[in-house]
Amino acid sequence: MIDLSTDSLRLNWAQVRSYLRFRPHTGRLWWDVLLLLFIGALHGTVLPSITGSLVAIDLMTPWLVTILVVEKMPRAMIFVAISALMLETHTTAPAGLYLCVYWVIACVIYLTRGTLSWRHGLPWLLTYSGAQIGVIGFETFVLAINAGSRPFNWTYLFVQLCRLPLAVAIGMLLCRRYIGRGTSAEDD
């Protein structure tokens with residue numbers, strides 16, 4: 001017999017509601033991995049089909065940077081590996097591009113996160129900006145090596161200049177719950 005009383009419905013809703021929070025760090029490894037896979041699907045298939053080649057929206061890097069700041073490093077490296085492998089299998093970039101760039105981002109965040117106060121917005125802003133500039137820089141470098149001389153045009157420059165503030169804005173939305181409160185990484 002199914003109990004449909006008000007008290008049982010409230011209790012069940014409270015249990016389900018904890019899973020409906022759409023944020024990078026929930027504390028449950030399996031749920032965080034499923035959310036990361038969902039973000040990877042949005043990043044790799046849904047958004048490019050909506051925006052086309054006019055605007056590139058990077059969801060993966062801000063999501064991953066938030067995880068790297070908040071999560072302990074051994075668990076965060078699981079997310080780095082999953083994110084990089086999802087991007088490696090979806091793009092035509094040379095093997096190891098995203099593994100390399102995300103590894104560098106993870107190392108830099110790990111080495112600097114104890115010295116920054118994550119209660120303020122500026123460290124988040126600079127971290128998201130630096131990570132996105134790193135990803136764009138790596139991709140541009142690989143494109144320049146593969147395409148030879150003059151691989152860039154004004155459209156490429158416009159897309160990258162739009163990609164940077166969009167990724168930073170998405171990141172600032174993701175970290176708003178940590179601004180003012182701080183993170184568990186400050187205790188490490």
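Select helix α4 (residues 73–90) and α5 in this predicted model. The two pack at an angle of about 155 degrees, and their axes lie 8 Å apart. Angles over 145 degrees count as roughly antiparallel, so α4 and α5 are roughly antiparallel to each other. Their crossing is right-handed.

Now show the side chains of the contact. From α4, pick Met 73, Met 77, Val 80, Ser 83, Ala 84, Leu 87 and Glu 88. From α5, pick Leu 97, Tyr 98, Leu 99, Tyr 102, Trp 103, Ala 106 and Tyr 110. Colour these residues by type: 12 are nonpolar, one is polar and one is charged.

Next, move to helix α6 (residues 121–147). Check its length with a distance between the end C-alpha atoms: they are 38 Å apart. The 27 residues of α6, at 1.5 Å a residue, should span 39 Å, so the two values agree.

Which residues of α6 are buried? Select Pro 123, Trp 124, Thr 127, Tyr 128, Ser 129, Ala 131, Gln 132, Val 135, Ile 136, Glu 139 and Val 142. Then display what covers them, which includes α3 (60–70), α5 (97–112) and α7 (154–174).

Stay on α6 and centre on Phe 138. Is Phe 138 buried or partly exposed? Its relative accessibility is 29%, so Phe 138 counts as partly exposed. Leaving aside residues up to four places away in sequence, Phe 138 touches Leu 97, Cys 100 and Val 101. Finish with a distance from Phe 138 to Cys 100: their C-alpha atoms are separated by 9.0 Å, while the two residues sit 38 residues apart along the chain.

Notes. Residues numbered from 1 in each chain as written. Predicted model: local features only at pLDDT ≥ 70, side-chain atom pairs only at ≥ 80, totals over all residues. Heavy atoms only, no water. Helix = DSSP H or I, 4+ residues; strand = E, 2+ residues; numbered from the N terminus. Buried < 20%, exposed > 50% of the residue type's maximum accessible area, 1.4 Å probe, protein only. Contact = heavy atoms within 4.5 Å. Expected span 1.5 Å × (residues − 1). Axes fitted to C-alpha atoms, helices over the stretch in contact; angles between N-to-C directions. Parallel < 35°, antiparallel > 145°, perpendicular 65-115°, else oblique. Left-handed = near helix turned anticlockwise from the far one by under 90°. Nonpolar A, V, L, I, M, F, W, Y, C, P; charged D, E, K, R; others polar.
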